[in-house]
Amino acid sequence: GGGGGGGGGDGTGIIMLNADIALVRDFTDDFNEVTGEVDCSFQFDNNNACPFAQMTFQFMAEFRLNNAVWVQAFRDVLTKMLEFGYSTAGGCDAASAPCILAPTGM
C-alpha cells in the first residue's frame, strides 16, 4: 500500500505510522482490514492521494506550524485523562470511526 508507514525510503527521513498519517488523511475507503495496508498515497504527487481528514486536518496543520501549541494541547489533555479518567463515548468498536473519548468524573 502506498499510504501507510511512510518509512522514509523516499529520502525525506520522515517516519510516520498509519495512526500518524490518519490524523491528516482519511483512510475510510482505502484501508484493507485483512492486511492493514492503505491503498492510497500520503503525497499529492499522484492520482491516488488519500483525501484530507476533515475532523483533524486543521488541528494538525496548526500543530505542525507551532510546536508550543501542540505541547500545551497535549499537556492539557493528558492531565485531564490522568486526573479524571476517560471512557469511550457511544460504545466504540472496530466498525465505528472515529472513536470519541469522553472525560469521566469532571
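Going by the cut-off used here, a pair of cysteine sulfur atoms within 2.5 Å, the count comes to 1 disulfide. Keep in mind that this is a predicted model, where local features need pLDDT of at least 70, side-chain atom pairs count only at pLDDT 80 or more, and totals for chains, interfaces and linings use all residues. Residues are numbered from 1 along each chain as its sequence is written, and side-chain values use heavy atoms, with hydrogens and water left out.

**The disulfide**

- The partners are C40 and C50, with an S to S distance of 1.8 Å.
- This pair links distant parts of the chain: C40 and C50 are 10 residues apart, and each sits in the loop between α1 (18–21) and α2 (57–65).
- The link of C40 and C50 is right-handed, with 95 degrees about the S-S bond.
- Both C40 and C50 are buried; buried means under 20% relative accessible area, exposed means over 50%, and partly exposed is in between (1.4 Å probe, protein chains only).

**The chain as a whole**

- You'll find 3 helices and 2 strands here, which are DSSP runs numbered from the N terminus (helices are H or I, at least four residues; strands are E, at least two).
- Starting at the N terminus, the order of elements is α-α-α-β-β.
- The chain has 106 residues, and 9% of them count as buried.
- Take the contacts (heavy atoms within 4.5 Å) with a separation of 6 or more: 35% of them come from residues 24 or more positions apart.

**The surface**

- W70, V71, F74, L78 and L82 make a nonpolar surface patch of about 490 Å².
- Patches are made of residues with over 30% relative accessible area and no salt bridge, joining nonpolar side chains (Val, Leu, Ile, Met, Phe, Trp, Tyr) within 5 Å and like charges within 9 Å.
- L82 belongs to helix α3 (residues 67–84) and is exposed, at 68% relative accessible area.

**The salt bridge**

- Side chains of opposite charge can pair when their charged atoms come close.
- The whole structure has 1 salt bridge, meaning a side-chain nitrogen of Lys or Arg within 4 Å of a carboxyl oxygen of Asp or Glu.
- R75 and D76 are the partners, and their closest N and O atoms are 2.9 Å apart.
- D76 is partly exposed, with a relative accessible area of 33%, and R75 is partly exposed too, with 48%.

Notes
Areas by Shrake-Rupley, 256 points an atom, 1.4 Å probe, with all protein chains shown as cover.
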